[in-house]
Amino acid sequence: MIISKRKNSHPVLDNFRVEKTTLSPDLKEDEVLVKTLFLSVDPYMRCRMNDDTAADYLLPWRLGECADGGGVGVVEASRNEVLATGDIVTSFNWHWQTRNVINGYLLRKIDPRMVDGHLSYVLGAVGMPGLTAFLGVREKGHVTPGANQTMVISGAAGACGSLAGQIARLDGCEKVIGICGTDKKCQALVSELGFTAAVNYKKGDISAALRESCPRGVDVYFDNVGGPISDTVISQMNSGGHVILCGQISQYNKDVPYPPPLSKETQEDLCSKNITRERFMVLNYMDKHEEGLLQLSQWVKTGQIKVLETVTNGIENMGVAFCSMMMGGNTGKQIVKISD
């Protein structure tokens, strides 16, 4: 899957094209041939469509070259000492191809038992979105069991938000309120994932709906979207509250710096109420990834965390899945299944 165009607006299918190519059958020392099983599309990838990603840890996708991101696959041939045929492997920089030749030392071997055999979970609940939710809540949420705290999560039906709400509940939040864009998603958050309540921001007065769901105000806000929704939540936060600044998906199609500037009113709310709002980046907590993945794995295998996925089939539909995800078309993690 090749990046064919850049455009500072909503991504469209014309930004992508599929090309056929042939891989060399001869592996060099340390290389492996892998068959792609699942690929991930994620909101942060929108930043990689810009010449300037606004993040020093993210390189832009180059026009005319194959896109890359999270992927999981199986080794089909190996000249690497630590990887054998049949091993399951993953990488954050997996080319959007049906097969790849790659240096095996750039891959991480996966024990399928970690995800109870659901290999796509490596890209979601027991992968980077799961770690982002887990460490975001643990490191920036200041959740205290028994403190009767209320957490609000925006983008709550997405890959990270759907997990963050469940983790907040497991960690001791009394109320967990999700914000999303359809009644169906709201229903899934409450009936399937155990959220206390959910608000459809496209329907009615979001400020009034939040006040009804959070009568004692908001103590912790897991922010995945930014923009007017976040302004509304922050206006209802209690003194000494905490904003987990995880993502700003509503602003990614705009030519603004990251994090995007706040309104004067929101800045005053943060200051007058002594609310902490610090950018959270999961890559800053590499030393806690292994512990986090083990905890996420345990929760998933015991059913304490429910996993929602939206699955699209075929390498030719990577662009379809990406554009849909950026418009809120997914419930849970958006996955593209490439092969069995």
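This is a short tour of the structure, stop by stop, with what to select at each one.

The model is predicted: local features need pLDDT of at least 70, side-chain atom pairs count only at pLDDT 80 or more, and totals for chains, interfaces and linings use all residues. Residues are numbered from 1 along each chain as its sequence is written, and side-chain values use heavy atoms, with hydrogens and water left out.

**Stop 1: the open sheet**

Select strands β8 to β13. Helices (H or I, at least four residues) and strands (E, at least two) are DSSP runs, numbered from the N terminus. Six strands form an open sheet here, in the order β10-β9-β8-β11-β12-β13, and the pairing is parallel. Two strands pair if DSSP finds at least two bridges between them. Look at the edges: β10 (197-200) and β13 (276-279) each pair on one side only. From one strand to the next, the twist averages 15 degrees.

Angles run from 0 to 180 degrees between N-to-C directions, and axes are lines fitted to C-alpha atoms, for helices over the stretch in contact.

Zoom in on β11 (residues 218-223) and β12 (residues 237-245). These two strands run parallel, joined by five bridges. Which residue of β12 is the bridge partner of V218? Select M237 to see the partner.

**Stop 2: helices α1 and α2**

Select residues 128-140 for α1 and 161-171 for α2. Their axes come within 9 Å and cross at roughly 40 degrees. α1 and α2 are therefore oblique to each other. (Angles under 35 degrees count as roughly parallel, over 145 as roughly antiparallel, 65 to 115 as roughly perpendicular and the rest as oblique.) α1 passes α2 in a right-handed crossing. A crossing is left-handed if the near helix is turned anticlockwise from the far one by less than a right angle, and right-handed if clockwise.

Show the side chains. On α1, the contact residues are P129, G130, A133, F134, V137 and R138; on α2, they are L163, A164, I167, A168 and D171. Contact means heavy atoms within 4.5 Å.

**Stop 3: helices α5 and α6**

Select residues 227-235 (α5) and 264-272 (α6). These helices pack at an angle of about 35 degrees, with axes 10 Å apart. The crossing of α5 past α6 is left-handed. Pick out D231, I234 and S235 on α5, then T266, D269 and L270 on α6: they make the contact.

**Stop 4: helix α8**

Select residues 318-326. Seven of the nine residues of α8 are buried (under 20% relative accessible area; exposed is over 50%, partly exposed in between; 1.4 Å probe, protein chains only). Those buried are M318, G319, A321, F322, C323, M325 and M326. What covers them? The cover includes β2 (16-17), β3 (31-40), β14 (309-313) and β15 (333-337). After α8 comes G328, with a positive phi near 80 degrees.

**Stop 5: two single residues**

Select I338, in the segment after β15. Is I338 buried or exposed? I338 counts as buried, at 15% relative accessibility. I338 and L39 are 299 residues apart in sequence, but 7.1 Å apart in space, C-alpha to C-alpha.

Finish at L106, in the loop between β6 (99-103) and β7 (108-110). At 60% relative accessibility, L106 counts as exposed. L106 and E31 are 9.6 Å apart, C-alpha to C-alpha, and 75 residues apart in sequence.
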